[in-house]
Amino acid sequence: MALTTSTSRRVRSRQLVGSGPSAWLAAPALAFFLLFAVIPLIGVVVLSFTSWDGLGEIRFDAVSSWARVLTDPVTGNALVVTAKIMFFSFIVQAPISLLLGVFTAAGQKYRAALAVLYFVPLLLSSAAVAIAFKALLDPNFGLGPGLGLPALAQDWLGNSDLVLFVVVFVIAWQFVPFHTLIYQGGVRQIPASFYEAAQIDGAGRIQQFVNITLPQLKYTVITSSTLMVVGSLAYFDLIFVLTAGGPGYATRLLPLHMYLTGFKANDMGAASALGVILVVIGLGLALLLQRLGGKNRNASQLEGA
Amino acid sequence: MKIGKLRAAAFAVTAAALSVSLSACGSAGPAGSATTGDSPTMWGLTGGGQQVLQQTVDSWNKAHPDEAIKLDFFANDAYKTKVRTAVGAGQGPTFIYGWGGGVLKSYVDAGQVEDLSGFLKENPEVKDRYLPSVLKSGELDGKTYALPNNNVQPVVLYYNKDVFDKVGARPPKTWDELMALVPKFKAAGIAPFSLGGQSKWPDLMWLEYLVERIGGPDVFANIAANKPNAWSDPAVAEALARIQELVDAGGFINGFSSIAADSNADQALLYTGKAAMVLQGGWIYQGMKKDAPDFVKNGKLGYTNFPTVEGGKGDPANVVGNPSNFWSISSKATEGQKKAALDYVKSGMFTEENTQALIDSGAVPVVNGIESKLAASPDKDFLSFVYGMAKDAPSFTLSWDQALSPAQGDAMLANLDQIFLKKMTPEQFISTMNATIGK
């Protein structure tokens with residue numbers, strides 16, 4: 001009985017590989033994608049060639065919005081801030097979540113308990129995280145004065161040189177658990193036989209990590225890095241609540257600049273142009289990271305397992 | 001077993017996520033008693049004036065079930081974005097809550113709000129009940145598009161009397177006296193001024209008053225009128241320089257640009273004695289009355305006009321701040337909604353009951369002839385002070401971020417932030433702001 005089912009399943013799966021599932025199965029997803037991604041995107045491109053304050057008539061204005069956006073020093077600053085946050089977020093988050101992921105992937109009970117604790121920040125909404133940190137970082141009523149530790153009572157959110165790193169820290173606090181989870185899943189898929197073989201060969205822990213875990217996690221690293229890098233183009237809610245882009249323009253990154261241009265300054269044309277820039281950068285980065293992963297992504301990593 | 005645990009965990013996660021998203025949805029205000037599709041809709045702001053507005057509308061709805069108003073409340077910043085989007089999409093409320101100034105102008109330019117001049121002519125008693133200086137803020141090109149709906153909110157210099165007694169100081173009458181107080185307080189380990197710099201708009205109050213005292217109301221009137229290079233007026237440069245002098249002298253509390261005014265942290269510094277003074281809007285009196293009742297009740301809270309500046313042209317009695325909030329009537333509302341809305345404006349607002357409720361909350365209604373009511377209030381000293389300030393002011397300049405177009409206001413706040421942080425010189429500020437004129 002068991003034998004027949006497994007053979008028939010194998011036969012069926014071979015048929016599927018041959019013909020592939022019907023293309024119609026993609027239709028619902030495609031319809032949603034068209035409706036909620038492609039059509040609005042076209043709308044944004046069109047709006048970027050108009051000037052509109054959100055209330056009156058939409059007037060076609062050729063490239064004036066683009067000229068305004070591209071000559072505005074604040075746009076350049078927003079790009080620099082975005083790049084900085086992307087870079088530092090990656091540098092901080094990637095190693096921490098890789099190590100935590102490897103640590104929590106092992107079976108011991110205390111590690112499982114810790115994994116649950118690490119997971120908690122992910123359950124909180126970004127706005128809640130930002131409000132909590134804003135209160136904790138208050139130089140007069142926050143964590144520092146509360147605990148009597150003057151070293152913690154810095155001008156965290158008001159010092160233009162410091163604030164970027166505070167933002168990177170809070171982002172990491174919120175998103176490291178997510179990437180830890182991805183790495184944890186990746187590590188758990190590595191066959192135990194690899195490690196057994198390595199142990200027989202006399203490899204130590206660090207050698208095992210460098211020669212087995214890391215190479216086996218190649219695609220996990222790419223997935224997680226793509227999410228980190230492209231995701232940092234979408235950081236908005238947390239920074240909006242935490243600093244609102246301030247002090248000055250110190251944390252006004254591209255998505256925030258787009259929002260403030262559109263909904264505070266009511267310049268929808270310029271905001272749409274910024275939106276288009278954001279989409280182009282995001283797609284470019286995602287493509288680049290996929291390329292870095294090598295062309296033949298279907299090649300098995302488990303050969304010889 | 002393991003799968004069971006996993007499933008339980010997944011369920012818990014989903015439940016938590018769901019409850020978060022659900023709680024985000026259920027925040028609509030209480031629905032009016034018998035409202036229909038043709039009932040006027042009104043969006044108010046949460047916070048200080050919420051209770052009074054709710055009471056007023058409730059009693060109107062009770063007395064006029066056929067013209068009942070459907071009232072919802074929103075948080076300040078969220079409201080500003082939401083209402084504009086809604087009005088632009090033709091989904092706005094009948095009553096549009098506003099501050100006058102640049103935003104009102106954009107509504108008028110887009111033909112979204114009713115011209116109320118005719119209504120005022122037919123109902124002179126409505127026009128006569130308001131303080132004239134306040135009513136003017138709802139006018140544009142000689143026509144009235146918005147009517148004041150609550151209390152006057154001038155910017156006031158508050159001080160902590162205990163702290164002043166401790167160092168033997170007196171509230172400053174001139175800018176030089178103010179600067180002389182700074183080292184005195186610092187020597188006593190007290191910050192001279194509290195400032196909610198993270199919120200940016202409290203910074204603006206300093207610039208507004210300094211420009212007013214140095215150059216008089218015309219300087220900003222020119223800026224608001226979009227005259228080319230209006231920011232180049234020497235009064236602006238001098239005001240910015242004086243702000244930076246005060247920053248250099250350590251006038252503002254350490255870490256002021258991390259302090260958020262939205263969480264009332266700046267006023268908390270005043271009543272806890274960590275700071276001696278704060279320049280803030282009239283509305284924080286209501287907040288302090290609630291957060292530090294003993295401090296206010298025992299007369300420890302002092303308040304005075306912004307000091308004069310030597311050689312300045314501005315009348316020391318001139319005031320800056322928010323004259324009031326306003327109702328505009330949406331031009332996209334149905335005839336029934338408009339009629340009901342105007343009836344409410346005529347006989348539902350500033351009734352005896354409404355005026356008294358405003359006074360009891362620690363606010364000064366923008367209507368004439370309330371001196372005796374104010375004198376009977378437990379907050380009579382402060383209320384009479386504010387009322388006198390508003391009534392006797394030769395000029396009442398609307399907060400600049402409200403008066404300017406949204407694009408200019410946004411740029412101004414971000415750049416002023418840099419002035420306080422000394423990341424920008426007054427010259428840079430002026431040339432950047434000149435470039436925004438007309439936007």
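**Loop around A:N266**

I looked up A:N266 and placed this residue in the loop between α13 (254-264) and α14 (268-292) of chain A. Helices here are DSSP runs of H or I with at least four residues, strands are runs of E with at least two, and both are numbered from the N terminus. The model is predicted: local features need pLDDT of at least 70, side-chain atom pairs count only at pLDDT 80 or more, and totals for chains, interfaces and linings use all residues. Residues are numbered from 1 along each chain as its sequence is written, while chains are lettered from A and ligands numbered from 1 in the order in which they are written.

I noted a positive phi of about 55 degrees for A:N266, which is not a glycine. Is A:N266 buried or exposed? A:N266 counts as buried because it has 24 C-beta neighbours inside 10 Å. The cut-offs are 20 or more other C-beta atoms within 10 Å for buried, 12 or fewer for exposed, and partly exposed in between, with C-beta atoms placed from the backbone.

**B:K200**

I found another positive phi, about 70 degrees, at B:K200, again not a glycine. B:K200 lies in the loop between β8 (191-194) and α10 (201-215) of chain B. B:K200 has 23 C-beta neighbours inside 10 Å and therefore counts as buried.

**A:M86 and chain A**

I found A:M86 in helix α4 (residues 73-105) of chain A. With 21 C-beta neighbours inside 10 Å, A:M86 is counted as buried. Leaving aside neighbours within four places in sequence, A:M86 is in contact with A:V229 and A:S232; contact means C-beta atoms, placed from the backbone, within 7 Å. From A:M86 to A:S224 I read 13 Å, C-alpha to C-alpha, at a sequence distance of 138 residues.

For chain A I listed 14 helices and 2 strands. Of its 305 residues, 31% are buried.

**Chain B: fold**

I listed 22 helices and 13 strands for chain B, and 49% of its 439 residues are buried. Of the contacts in chain B with a separation of 6 or more, 78% are between residues 24 or more positions apart.

I followed β1 (residues 41-45) and β2 (residues 70-74) of chain B, which pair in the parallel sense over 5 bridges; pairing requires at least two DSSP bridges. B:T41 has B:K70 in β2(B) as its bridge partner. Between β1(B) and β2(B) the chain passes through helix α2 (residues 50-63) of chain B, in a right-handed β-α-β crossover. Right-handed means that, with the strands pointing away from the viewer, the path from the first strand over the helix to the second runs clockwise.

**Chain B: confidence**

I checked pLDDT, the predictor's confidence in each residue from 0 to 100. Chain B has a mean of 87, and 92% of its residues reach 70 or more. The lowest confidence in chain B is in α1(B), mean 42, and the highest in helix α12 (residues 234-248), at 96. Residues 1-33 of chain B fall below 50, and this stretch has 17 contacts in the model beyond near neighbours in sequence. The model scores are ipTM 0.78 and pTM 0.81.

**Interface**

How many residues of chain B are in contact with chain A? I found 35, in contact with 27 residues of chain A. On the chain B side, the elements giving two or more residues are α1 (2-25), α3 (76-88), α4 (101-109), α13 (265-271) and α21 (406-420). α21(B) gives the most, with 6 residues.

Key: Contact = placed C-beta atoms within 7 Å.
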